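Me: I'm new to reading protein models. Could you walk me through this one, step by step?

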Amino acid sequence: MTTPDVTVTVIVYNDAARLPRAVASLRAQTHENIEIVISDDHSTDDTPAVARELAAQDHRIRYLRLPENSGGCSAPRNRAIDIARAPYLMFLDSDDELPPRAVESLLAAHREREVDFTMGAVRRVRVDNGRRSTWMPHLVAERRTLDGIGADPRLLFEHLSTSKMYARAFLDRHRLRFPEGIHYEDQLFSAQSYCLAEAFTIIPDTVYVWYIEPFAAAASASISNQRHKVSNVRDRVHVQRLIDEFMAGSGHEGLREDKDYKFLKHDFRMYAGDLPYRDENWLGAFAEIMNPYLETLADGAYARLPRPERVVLQLLRDGRLTDAQLAARGLGHGVAPRRISADGTGAAYWGDTVPSSERARRELDVSDLELDTRPFPLAHFRHEITELGRGPGAAVSLAVRTYDPGLRLPVGPQRAALLLTPGRRRMTVPFRLDPVRPGVFEGRVQLDLSTARLSLQGFAGVRHPLLRLEQQGLAHSGLLLAPVDFPVTTTRVEYRSGALPHDVVIEPEGRNPGRLQIRWRPVGVTARLIRPMVRKVALPKVRSTARLVGSLLK
């Protein structure tokens, strides 16, 4: 048989439904001289039958079945490497795809210059709404060849093995294989690859399509979507320690601060956004696993983080777990602390007491947030729903508390409004916030969802109300934090103002930042018939033609 140029391994476990799509993306590659190895981690569903049928359809496909389930991605990849016949290797998960020119583009980069691996852009596609984005776009924006990871340590953030084509000789020379028996194997494998590679080429072309299921059922969620498990925290920290040991043993200690920053900014940050939704036992276990490792990280890595993230980290390290939950609400969305304290030096600290240790004062000093001096439209406030109840019909009654730790609002009642925009038409509900003590205001507002102005075809989607404040002709809009555990409410909004009837769901967002969330869904026969017809008429080409005809008739 002709020696293939590239071996692409598809790892699979109990994924008979999606495996054909992944393999079809390989059979459609513009570079045809490839070997396809389906490496099955001892599936117990119809995967073996599907894989054998696929192999019978194309002589380039080989089916490899492991004698027992390994419980991870490493073993099926390593067994495939052992039997691969090509000088270049790629890896694909059975729930993802390769775009048609992926192999051609990465192989061309190898042939242009001899390097240890080539890598390209990853397109992320959310399966719940179809939204597309590029993974770490700033790292793959231009074509370049680097002589080692030291030329751009930021690439440690791009730790996917599936976005790369490896020279087999490079992997064999360093006896580089995926670590078996652990999760987050890509992080260790990629860190080793970056450090050991003498040169690698980056191309801006999309070479991988990664399907994201953020709300997958717990039983089928990917490892990275199982952050609710304490074992997940333990696995992630364990692999970080292995990376640290490798860097120390291979002479790459100079990269430690960059690697630590990546862990804090990426890995820890994902857990931080979940903290408000965890119970006391989980938080205790999380701190017990995480804090000893946090003590080993470089101070310079902490200093590179945004202040709100440093606050959460320090509160966790100090054992102030409830405060850490509070600080994590709205993380990354300009949400202010409830209170700040001062020590007479001009510094402002998170919380109602001045920290006692030097490290805590350094990390909890929020002076750089400029709470008292930022331009009003960019000011930091904290808006919390303290009570939520049902009103008549489709109305929701909200008790709102606003925290103004920078004392930006004048003494006295404040004019406020809730802003909600289902579709393209904004709904504004004015109300008043009254002062209860310096820097704290409270008010009540009734949000009648039946008064929302919708278009003829109605609205299907999710919206989060904003709270607007005005001062001296300037406006500030901030998100509205909801109680994390209030019961989900569903109401029917009947036919109104020409729009379809809707089921409307009022619920907590369920993840960072934890806003009040309102979901509309058109219902009834009109939703099934009229809505598709109106949307068809509203296609861009039809709208453009209508505008052109209208301009000619003027």
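Reply: Happy to! Helices (H or I, at least four residues) and strands (E, at least two) are DSSP runs, numbered from the N terminus. This is a predicted model, where local features need pLDDT of at least 70 and side-chain atom pairs count only at pLDDT 80 or more, while totals for chains, interfaces and linings use all residues. Residues are numbered from 1 along each chain as its sequence is written, and side-chain values use heavy atoms, with hydrogens and water left out.

Me: Which loop holds Gly-181, and is Gly-181 buried or exposed?

Reply: Gly-181 sits between α5 (168-173) and α6 (185-196), in the loop there. Buried means under 20% relative accessible area, exposed over 50%, and partly exposed in between (1.4 Å probe, protein chains only). Gly-181 has 76% relative accessibility, so it counts as exposed.

Me: How many helices and strands does the chain have?

Reply: The chain has 554 residues, 53% of them buried. Its C-alpha trace spans about 80 × 70 × 50 Å along the principal axes. The secondary structure comes to 15 helices and 22 strands.

Me: Why is helix α3 described as largely enclosed, and what covers its buried residues?

Reply: Seven of the ten residues of α3 (residues 74-83) are buried, so the rest of the structure largely encloses this helix. Among those buried are Ser-74, Pro-76 and Ile-81. Contact means heavy atoms within 4.5 Å. The cover over the buried residues of α3 includes β1 (6-12), β2 (34-40), β3 (61-65), β4 (88-93), α5 and α6.

Me: How far apart are the end C-alpha atoms of helix α8?

Reply: The expected span of a helix is 1.5 Å times one less than its number of residues. For the 19 residues of α8 (residues 256-274) that should be 27 Å, which agrees with end C-alpha atoms that are 26 Å apart.

Me: Which residues does Asp-258 contact, leaving aside its neighbours within four places in sequence?

Reply: Asp-258 belongs to helix α8, where 16 of the 19 residues are buried. Asp-258 is buried too, because its relative accessible area is 18%. Apart from neighbours within four places in sequence, the contacts of Asp-258 are Pro-153, Leu-156 and Arg-304.

Me: What is the volume of the largest cavity?

Reply: On a 1 Å grid over the protein atoms alone, a cavity is a set of points where a 1.4 Å probe fits but cannot get out, and lining residues have an atom within 4 Å of a point. Grid points are joined across faces, edges and corners, and a volume is the space filled by probe spheres set on the points. The whole structure has three cavities of 30 Å³ or more. The largest of these has a volume of about 80 Å³.

Me: Which element gives the largest share of the lining of the largest cavity?

Reply: The lining includes Leu-156, Gln-187, Tyr-194 and Lys-262. Elements giving two or more residues to it are α6, α7 (230-249) and α8. The largest share, four residues, comes from α6.

Me: Where does Gln-472 lie, and is Gln-472 buried or exposed?

Reply: Gln-472 is not a glycine, although its phi is positive, about 50°. It is found in the loop between β18 (466-471) and β19 (474-481). With a relative accessible area of 79%, Gln-472 is exposed.

Note on methods: 1 Å grid on protein atoms, 1.4 Å probe; cavity = no way out; pocket = protein on both sides within 12 Å on 5 of 7 lines; lining within 4 Å.
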